[in-house]
Amino acid sequence: MVLQTSQNGCRKILQKEPLSSLPHEFENEIMKDKAKKLLANYSEYRKVPGDGSCFYRSFIYSYLEQLVKVSHEEELRLLGALEPMWEKFQRLHLPGSYSDLHDAFVGFILECMEQKQKLS
């Protein structure tokens, strides 16, 4: 997966790192402890530079990474769940770019499905 880069060339999504390195990032013992507790369930993490949209970017990036791994049935379920949300949004008659995001997200899911089918 291509890592996203900002206009000034700084990466917005960084490569995965072993979670065991995270506690060393903190000086505060409480934060070190919390980072160590994550090791019980997780093995890797990605640094995402904070810029106001970092939560949304990291969430969708992780979600899309997981989407690549799911079954065809789960892809169809996801597409089916998106349509009622789209219909509700249209009834609100609100201005905004949700339609662009919806189209891009659905297009990406369909492209993933197509690529996975070609590889299998």
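**Reading a predicted chain, feature by feature**

Guide: Starting at the N terminus, the elements of the chain run β-α-β-α-α-α. That gives four helices and two strands, where helices (H or I, at least four residues) and strands (E, at least two) are DSSP runs, numbered from the N terminus. Please keep in mind that this is a predicted model: local features need pLDDT of at least 70, side-chain atom pairs count only at pLDDT 80 or more, and totals for chains, interfaces and linings use all residues. Residues are numbered from 1 along each chain as its sequence is written, and side-chain values use heavy atoms, with hydrogens and water left out.

Visitor: How much of the chain counts as buried?

Guide: Buried means under 20% relative accessible area, exposed over 50%, and partly exposed in between (1.4 Å probe, protein chains only). Of the 120 residues of the chain, 20% count as buried. The chain exposes about 9200 Å², and carbon and sulfur atoms supply 57% of that area. These accessible areas come from the Shrake-Rupley method with a 1.4 Å probe; for residues, only the protein chains shown count as cover.

Visitor: Which residues make the largest nonpolar core?

Guide: In soluble globular proteins, nonpolar side chains tend to be buried together. A nonpolar core is a set of buried Ala, Val, Leu, Ile, Met, Phe, Trp, Tyr and Cys residues joined through side-chain atoms within 4.5 Å. Here the largest has eight residues: Leu64, Leu67, Leu78, Leu79, Leu82, Val106, Ile109 and Met113. Two or more of these residues come from each of α2, α3 (72–92) and α4 (98–119). For a view from one member, look at Ile109: leaving out residues up to four places away in sequence, Ile109 touches Leu67, Leu78, Leu79 and Leu82. Contact means heavy atoms within 4.5 Å.

Visitor: What share of the contacts joins residues 24 or more positions apart?

Guide: Among contacts with a separation of 6 or more, such pairs account for 58%. Apart from neighbours within four places in sequence, Val48 is in contact with Lys12, Ile13, Cys54, Arg57 and Ser58. Val48 counts as partly exposed, at 24% relative accessibility. Arg57 sits in helix α2 and is buried, with a relative accessible area of 9%. The C-alpha atoms of Arg57 and Lys12 are 8.3 Å apart, although the two are 45 residues apart in sequence.

Visitor: How should I read the aromatic pairs, and how many are there?

Guide: A pair of aromatic rings is described by the distance of the centres and the angle of the planes. Rings of Phe, Tyr and Trp (its six-membered ring) pair if their centres lie within 6.5 Å; planes under 30 degrees apart count as stacked, over 60 as edge-to-face and the rest as tilted. The count comes to three aromatic pairs. Phe59 and Tyr63 are stacked, because their ring centres are 6.3 Å apart and their planes are at 20°. Both lie in helix α2, four residues apart, about one turn of the helix. Trp86 and Phe89 are also stacked, with centres 6.2 Å apart and planes at 20°. Trp86 and Phe89 are both buried. Tyr63, by contrast, is partly exposed at 31%, and Phe55, Phe59 and Tyr63 form one aromatic cluster.

Visitor: Which residues make the nonpolar surface patch?

Guide: Patches are made of residues with over 30% relative accessible area and no salt bridge: like charges are joined within 9 Å, nonpolar side chains (Val, Leu, Ile, Met, Phe, Trp, Tyr) within 5 Å. Phe55, Tyr56, Phe59, Ile60 and Tyr63 make a nonpolar patch of about 560 Å². Among them, Tyr56 counts as exposed, at 60% relative accessibility.

Visitor: How many salt bridges are there?

Guide: Side chains of opposite charge can pair when their charged atoms come close. A salt bridge is a side-chain nitrogen of Lys or Arg within 4 Å of a carboxyl oxygen of Asp or Glu. The count comes to eight salt bridges. Glu17 pairs with Lys47, with the closest N and O atoms 4.0 Å apart. This pair links distant parts of the chain: Glu17 in strand β1 (residues 16–18) and Lys47 in the loop between β2 and α2, 30 residues apart.

Visitor: Is Glu75 buried or exposed, and what is its salt-bridge partner?

Guide: Glu75 is buried, with a relative accessible area of 2%. Its partner is Lys116, the closest N and O atoms being 2.8 Å apart. Glu75 lies in helix α3 and Lys116 in helix α4, so the pair ties together parts that are 41 residues apart in sequence. Lys116 counts as partly exposed, at 24%.
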